[in-house]
Each structure stands twice: as structure tokens, then as C-alpha cells.
Amino acid sequence: MTVDDPDMPLLYALRDNLGLHGPRFGCGLGQCGSCTVHLDGRAVRSCVTPLSAVGKKKIVTLEGLGTPDKLHPVQKAFIEEQAAQCGYCINGMIMEAAAFLASNKRPSDDQIKQALTHNLCRCGTHLRIVRAVKRAAAGG
Amino acid sequence: MFAKPSRRDFLKGTGILLVSFSLPTLSKTTLAQSGPPANTKTKTVALDDVDAFLAIDPSGGVTLYSGKVDLGTGIGTALTQIVAEELDVPLARVHVIEGDTALTPAQGKTWGSLSIQNGGMQIRQAAATARHALLQEAAKRLGVPAEDLVVEEGTVRSRSGAKQVSYGELIGGKTFSLKLDKQAPLKDPASYKIVGQPVPRFDIPGKMTGQFTYMQDFKVPGMLHGRVVRPASIGSTLLGVDESSVKDVPGLVKVVRQGNFLGVVAESEWGAIRAAQKLKVTWSNWEGLPEQSKLWEYVRATKVSKDDVTSNVGNAEPALEQAAKRLNATYNFAVHTHGSMGPSCAVAEIKDGKLSCWSSSQATHDLRQQLAAMLSMPDTDVRGIYLEGSGCYGRNGHEDAAADAVLLARAVERPVRVQWMRADEHGWDPKGPPTLMDLQAGLDATGNVIAWYSQLYVPEGAIGNVKLVAAELAGLPHETGMVPGNVIQNTAIPYTFPNVRTVAHRLAETPFRPSWIRAPGRMQNTFCNESFMDELAAAVGADPLEFRLRYLNDPRGVDLLKRLASFAQWQSRKSPKQKGGDVATGRGLTYVKYELARTYVGAVADVEVNRKSGEIRVKHFAVVQDCGQIINPDGVKNQVEGNVTQTVSRVLKEEVTFDRSRVTSLNWASYPILTFPEMPDVDIDLIDRPTEKPWGVGEPSAAVVPSAISNAVFDAVGVRLRSVPFTPARVRAAIESA
């Protein structure tokens, strides 16, 4: 893949050049979390991450986290809790939660809410999302 | 899989004419990728044809063609349940196509909590008609009377089990060619196996793994990327464009200008974004908006074009004069935005004079008319295709993005995808209009309510198509009136006072292009009515629940409130509570019968109010809802949870800000919404009435939220909040002036 602008945010490379659907454009300002991906295991906002800052870091998107045949525990828990309405924000919720749970195996409800405080949802699916993260933490 | 209609033949059924031809089995993806001709005349979309709604292929697969679309609410799954139940086929065998003007019947906009209530019932009746015809045909083929046949998993069997024939064999690759029979017998709800079950949504696994194709993910071959450059002020005129400012943007295809419509098209999405950012444009100054600090004075001073009297019982005004005690209050509700997480997006392609437009419109059939009018072309040359996007909660920017894509595609003669940027969505989606209500009530000497008189100030207009931004900016044909939705609903009240007059003063203008936002008017009007009802209860020292029951002559409503009392462990007492410390707690109760005609909702909110900071924390909502027959209880709960959470956000935080020229709340920092740590817990009790009609659930529970919070705050600290949003500054001011 070649691009002509190293300042182009990672999001557009993932979506337009690589054809991925997981990371989504929500605000382009790093405010909502819809575009979240993992860079070396850390949840980052791909809409404000220039390609030049990615370097050789390992990028994982929602598609790389798990597939329908081999779901990541967080994806599985979100499906079991039916934790979506439109689902536009859900990429960010899952990627943020997966990164969070990797470092905090048994979080409290408040810790989950704090971890997701910069991920916005408009449909009001918050309660289900928290339940799903708890379920994933508890091993499904 | 896009099979061409190959043959047409005729099959006489038992007293029913089955005119049939093989039907294409289509999937959205196949359709989308194949770039279909805009004018597909191969399939009926007539509302009185069974084939408009349903097809069964030779292998027994069922296709449901729904004019109502899934906006993220789960109705795709719920409608599938209705069809699978009525036909007795497995859920997995039903495939849904939504909102394609060439394939689906025009069942009306997906709005007003009507998708199941109206759309679903048309579909149920189509399925019942189909089932009846299939049974008649099976009876003929098997030589068994229809009443001795049963259907299991799409196979018709004689009760003895000796003979059977599948739907696929019966239909034989043909169509029904039947008129929808409104008298076709429906299944007895007591026999339901699928309707009423919490069936998992079929869209969710794909959404959790990145496999789902949203509108924003959709591509067609040769597609370019567009971005719009909106006027600097709402009413600005385009004075000049310096195209040299973007000549270095790689892949720039064209700067498109038509009147005040301006956009850029580039080979890549990033190129389009860069060009839109860098383009040097000169706009005229315009300062036609009112001062935000004087919004309510502006509303009161606006010319009233007409009055709608929404209820008139007895003679309210003289009764008020005779009252022993009178109460007056004014409530208002700020301008709000829909606030979709994903900015609106659409793709348009014009090929051989025919337009195909993929969008997330709530109403592709209506959008088709608007786009045809905009381009002065026959609507038969326009095809609108729905693809699910970000949730819209009403008429947001989806249709406008479609019009943008169409104008750009026409200008470059290539398919163009447009996605709005965040500021486009916050700045240019149509808004929920400012709402103001004056209320008066009169009590007699013993504390009975003898009169209620309310006057609402809202824009004129009702339902219809909201004008398209691109058409207006470009000076192309477009609607001229305001279309705020049916915002006078729920001004009339459910209580049996002897004298009631509710009037809506319809205003000739409003600052922003208005449209409906989830529970339009019902949310604002119920806020006013149910908060004022609480004021009356407090004025006579009555328990708010007992006070409502005093004036409620509606058995289902009474049932609901009694169930709420039990569910929320309501303890009878008057409000407010005894004063506590810096952080006071309170509870508030509220009730709505949606549009006084359907879904009942009651709620109790528990709040904490910090007297010093003015912060409100909504801790808990208990909601009881009666929506008649429940199709999918988990789907209904998801809607109620969403309504509560979204509306708590609206009530505590949200207000569109503006200066004299433009909206200034253009992102999530300046238009904050509720975050995870701020959300309440929600407990829901659904009253299922399987033998009743199903009523809508997408909106009604939004209507109860503002008053529940206002009443709870009064219970906690003894002050009335009558102006949404209940910001800390307003709470502090109310406490200080109490």
C-alpha cells in the first residue's frame, strides 16, 4: 500500500486502502471512539493518528481481534448480551474494552465505566455494553 | 444470485388465482455490487399485493420485502419473527430486504413508532394471506381438506402425517399473484412459538466482527469521494471560490459549485477531506438568527400563523377565574440535535439517465420523489436503496447527504460517495425546534383540580418531507414549508378534569430548519404536562401517584400505574422530602399514554442533587410499559433502555448553541452527551398482552424521562426545573432563588 500524504490519519488507510469495516469515522477529532484500533495492544483513535506515527507498530482492528468463527471473548460477550442498537460505536466499545481487560482482568462496574468514559454511544446501549464487558471479564 | 424473471405462467388454485413467475432471489450485497438498473420493473411493490411483501423460492427460502427499515432498533429481526410465525417457517429461512424503491412497498416513513404497529401488521396480513393460499393449494394437491392440514417448518402435512408437501414445492418457483386479504385468518396468539420470544438480532454478530456493511462501508466500482463545503453562515451567499487554493491536493477531480451549493470531489476520501479543508471561499455575512440569550422572547414574539385547539372540555378560562387557587408555570425545552454517532453518508450514481442513490434514509420512497423533483426528472428514473447507517433518531442528515451525493455525482459524471464531517452533522442536520409552553390550573377550595389551560408555542407544519439542504443551496426545486413532525401530540392530557383547554400556537418561523427527533413534541409536551401535574399534586399535598389515579379514568392506565407502584416500591407521601445535606436524594413519578391512543409508559426516577455544585445524578429509572402484544421482549427492552439513556442525556446536558450566524456547538466537546459514568441503571417491567394489537416502542418511553427527572429534583431539593437542559448552573440558580 502506498499513500501520498504521511499526515493522512490511519483510519482512512484502514478503511479506504485496506477495505476494513471495523474502525469507523465518527468525529475525526478523537472525541467519540468509533475509530478505535489497537497499536501494539494499546487502544488508540485512528482518526487522529497520522500514518507517520504508526511506524512498525502492530495494528489490530475489530476484524483482527476475532472472526465470526473464532470470536474474541469480548465480541462473544457483546453478542450474548445483545449489546448494540445501530452498532456504529461498537467497534470502539469492543476495542477499548479488549485493551482494558488485557490489563485489568477483574474490573468493577465503576472501573469499566471509567475505562469507557471517552467512548460515546448515542443509542443508549451503555447498560448492555457494561454487562457485556463484565461477562467477558468473568470468562463468558 | 440476481436471477432474471424467466417465465410467467398461471396456476389455478382452489378458488384462488395464483398468477406466478419465477422471482429473483436477491441479497442486498449482491444488489449493491451489481449496480442495478434504476428502473426495475420486474417486481410489484403495490401495497395490496402479497408479492410486494413476500416471496418463497423453490427451496423454501422466504424473502420479506419491507418498506419499513431497521434504523438500528432491531425491527428487521422483529419483522422476521412476525413472518416466520405467521407462515410457520424457521426464522433462519427468512431473509429481509428493506427500503428499496424497486423492490419494497411504500409503507411510509420509518418514524413515529409505527414500524411494527402499522408496517408489521401489513406484513403479518400478507403472510396470513400467503399461508391461507398455500394451504388451499396443498389441500388440492394432497387431496386432504385444508382444515385437516398443519404447517411445520414450511411443510404442510396432513394431521395423520401420511401426506406432506413443502411451501417450496407448492410455490414451484412462482409468485403468489394474490391481493392482500385483510380478512385472511391470523394465527391464534396462544399458539405463537416465535413471536413473543427474545430472539437474538441477526445483524448483531456481523456488527461485532466488522463483517456488517453499513452505508458508510458501501462502495460501487469507479466511485469517487465527495465532501461538502457549507456556507459560513446559515444564510450566506457564495461570493467567490479560489480554486488555486486546492490545486496541489492529490487526486482532486473537481470543485463543484451550483448557486450556494459547494463541494469537492477527489479520487480518495482523504483527498476530498483535504480539499474541503483547504478550499478558500468567500461568503457573505449573514446574521439572521436570534440572540440565543433571548430565544424565548424571540419565540413569544414570533408571528402566530394559526391556533390548533387539541382539546377543549368544559370551559377552562372562566373556570380558572373562579378557582380558589391558581397555579401558573412556563416550561421550555432547548433546541436539540439528533447527534448520530456516524455522520450522514450516501452514494449516488447516474447511469444512462437513471439515478441510483444508496442512503440510510428513513424513507427511500419519499426521498426518491425529492431527488427526482430536485433534478426535474421522472421519479421512475430514480431508485432509492436503503443501507443501514448510524442510528438517526428521527430525520437527521441522511437525506441531505443523499442530495449532496446526487449533485456531486451529476457534476462529475461518476458515482460519488459523500460522508459528512462531524461539523456538518452537528451544524446542518435539521433540529428539534425550541418548545415553549405556558400552563395554568385552577383548584377549588378542597383541592380538586377544576381547570387546566395550556398554550404551546411551536413551529407550524406537521409531517411530510423536510427540504433538502443541497436543493435549497443550489436553487433547485425543493419544499418550502416547515416540517417539524406532529409536535402538538400529547398536548392534550389523559386526566379527567372538568375544564380543559389545550392550544398550540403555531409559529410562522423558527430559527433552524426543523424536523422530528425521537418522540417529537410528545417528549417536550409530556415534560410540561407531567411536571405541572406534579406541581398540582404538591400544591394540594398529595402523593403524586395517588393524585394521578384520582383523575385517571382508563383501566389500562390505572393498571399500569399500580404496577409501577409495586415495581418501583413506591411509598405514598407528598413531595418534597425533608431537606437533607449538601447531596439530597429524591424520586419522581410520571406517566404517558402515547398520543392518548397507544403505548402506556410510567416511570420513577431516583436522583441525587448536589446543592452546592448544582449537579444532578440520575441514579435509577424504573419503567413499566404496556405496548400490547410484544414481538421481541429483548428488543423492546433495548429500546426502552436506549430511550431512557438518550433522554437523560438530553435533559441533563444537551442544547444546541448558536450565534447570530450559525450553530456553534459543532462537535462532542461543545455539544456534550451522557457518558458511561453518568448513566442511570434502568429496570424495566413489560406488561405483555399477547391478544392485543402491538403498539410502538421506539419513542414512547422517551416521553416520560424529562418530567420524571424534574419531579425527582423537586422531591430532593424543593425547586422546579422548568427549562431543559437541567445544567448545574440552572440548578444552582433555581436553588439560590428558592
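Me: At what angle do helix α10 (residues 364–374) of chain B and helix α11 (residues 398–412) of chain B pack?
Reply: Good place to start: this is a predicted model, where local features need pLDDT of at least 70, side-chain atom pairs count only at pLDDT 80 or more, and totals for chains, interfaces and linings use all residues. Helices are DSSP runs (H or I, at least four residues), as are strands (E, at least two), numbered from the N terminus. Axes are lines fitted to C-alpha atoms, for helices over the stretch in contact, with angles from 0 to 180 degrees between N-to-C directions. The axes of α10(B) and α11(B) lie 11 Å apart, and the angle is about 35°.

Me: How many nonpolar residues does the contact of α10(B) with α11(B) have?
Reply: B:Leu367, B:Leu371 and B:Met374 of α10(B) meet B:Glu399, B:Ala402, B:Ala403 and B:Val406 of α11(B), a contact being two C-beta atoms, placed from the backbone, within 7 Å. Ala, Val, Leu, Ile, Met, Phe, Trp, Tyr, Cys and Pro count as nonpolar, Asp, Glu, Lys and Arg as charged, and the others, Gly among them, as polar. The contact has one charged residue, no polar ones, and a nonpolar count of six.

Me: Which element gives the largest share of the side of chain B that touches chain A?
Reply: Residues are numbered from 1 along each chain as its sequence is written, while chains are lettered from A and ligands numbered from 1 in the order written. The contact takes 47 residues from chain B and 47 residues from chain A. Two or more residues on chain B's side come from each of α6 (204–209), α7 (269–278) and α17 (633–653). The largest share, eight residues, belongs to α17(B).

Me: How many of the 21 residues of α17(B) are buried?
Reply: A residue is buried if 20 or more other C-beta atoms, placed from the backbone, lie within 10 Å of its own, exposed if 12 or fewer, and partly exposed in between. By that count α17(B) is mostly covered, and its buried residues number 18.

Me: Is A:Cys47 buried or exposed?
Reply: A:Cys47 sits in the loop between β2 (42–45) and β3 (59–60) of chain A. Beyond four places in sequence, its contacts include A:Pro9, A:Phe25 and A:Cys35. Because A:Cys47 has 25 C-beta neighbours inside 10 Å, it counts as buried.

Me: Is B:Glu413 buried or exposed?
Reply: B:Glu413 lies in the loop between α11 and β19 (416–419) of chain B. Phi of B:Glu413 is near 55°, a positive value in a residue other than glycine. Since B:Glu413 has 10 other C-beta atoms within 10 Å, it is exposed.

Me: Over which residues of chain B does pLDDT stay under 50?
Reply: pLDDT is the predictor's confidence in each residue, from 0 to 100. Chain B averages 94, and 94% of the residues score at least 70. The complex gets an ipTM of 0.98 and a pTM of 0.95 from the predictor. The stretch under 50, for which the model has 80 contacts beyond four places in sequence, is residues 1–40.
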